Amino acid sequence: MRKIKLTRANKSILLKALAPYYYRERALRHSTQEVGKLILKINSLPADKKATFSTEEIRLMRTTINRLRNERLSKGQYTDATDDMLLKLI
């Protein structure tokens with residue numbers, strides 16, 4: 001368990017990263033319960049407050065943020081927000 005402070009930008013980038021993963025897993029008929037709970041948890045958090053996340057949740061967030069970062073790099077887009085969030089998760 002680890003506490004992480006999420007700003008409004010961090011919440012937004014996390015939700016942008018988790019959504020495609022959720023829909024891909026759903027299309028493949030895999031379990032989406034874990035991802036769905038995490039999305040709801042992040043969405044319900046007030047901005048600029050610390051929240052406690054399990055090791056598994058942090059691993060999932062780090063994986064999805066890294067995928068989003070790689071996607072943006074391949075398109076030549078900015079990665080400042082994803083870089084900031086990755087630093088918080090490492």
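1. A nonpolar core here is a set of buried Ala, Val, Leu, Ile, Met, Phe, Trp, Tyr and Cys residues joined through side-chain atoms within 4.5 Å; buried means under 20% relative accessible area, with a 1.4 Å probe and protein chains only. Helices (H or I, at least four residues) and strands (E, at least two) are DSSP runs, numbered from the N terminus.

2. A word on the basis of these notes: this is a predicted model, in which local features need pLDDT of at least 70 and side-chain atom pairs count only at pLDDT 80 or more, while totals for chains, interfaces and linings use all residues. Residues are numbered from 1 along each chain as its sequence is written, and side-chain values use heavy atoms, with hydrogens and water left out.

3. Leaving aside neighbours within four places in sequence, Met-61 is in contact (heavy atoms within 4.5 Å) with Leu-14, Leu-38, Ile-42, Phe-53 and Leu-89.

4. Now to helix H1 (residues 8–27). Its 20 residues reach 29 Å from first C-alpha to last, close to the 28 Å expected at 1.5 Å a residue; the expected span is 1.5 Å times one less than the number of residues. The buried residues of H1 are Asn-10, Lys-11, Ile-13, Leu-14, Ala-17, Leu-18, Tyr-21 and Glu-25. Their cover includes strand E1 (2–6), helix H2 (33–44), H3 and helix H4 (80–89). Just after H1, Arg-29 takes a positive phi of about 60°.

5. How do H1 and H3 pack, in angle and distance? Their angle is about 95° and their axes are 9 Å apart, where axes are lines fitted to C-alpha atoms, for helices over the stretch in contact, and angles run from 0 to 180 degrees between N-to-C directions. H1 and H3 are therefore roughly perpendicular, a label for angles of 65 to 115 degrees. On the H1 side the contact is made by Ile-13, Leu-14, Lys-16, Ala-17, Leu-18, Tyr-21 and Arg-24, and on the H3 side by Leu-60, Met-61, Thr-64, Ile-65, Arg-67, Leu-68 and Arg-72. These residues divide into nine nonpolar, one polar and four charged. Ala, Val, Leu, Ile, Met, Phe, Trp, Tyr, Cys and Pro count as nonpolar, Asp, Glu, Lys and Arg as charged, and the others, Gly among them, as polar.

6. Thr-64 sits in helix H3 (residues 55–75). Thr-64 counts as buried because its relative accessibility is 2%. Not counting residues up to four places away in sequence, Thr-64 touches Ala-17, Leu-18 and Tyr-21.

7. H4 is another partner of H1: the two axes come within 10 Å and cross at roughly 95°. That makes H1 roughly perpendicular to H4. Asn-10, Ile-13 and Leu-14 in H1 meet Ala-81, Thr-82, Asp-84, Met-85 and Lys-88 in H4, and the residues of this contact divide into four nonpolar, two polar and two charged.

8. Finally, H1 and H2. Ile-39 lies in helix H2 and, beyond residues up to four places away in sequence, touches Leu-15, Leu-18, Ala-19 and Tyr-22. Tyr-22, in helix H1, touches Thr-32, Val-35, Gly-36 and Ile-39, with the neighbours up to four places away again left out. The C-alpha atoms of Tyr-22 and Leu-38, 16 residues apart along the chain, are separated by 10 Å.

Terms used:
Buried < 20%, exposed > 50% of the residue type's maximum accessible area, 1.4 Å probe, protein only. Parallel < 35°, antiparallel > 145°, perpendicular 65-115°, else oblique.
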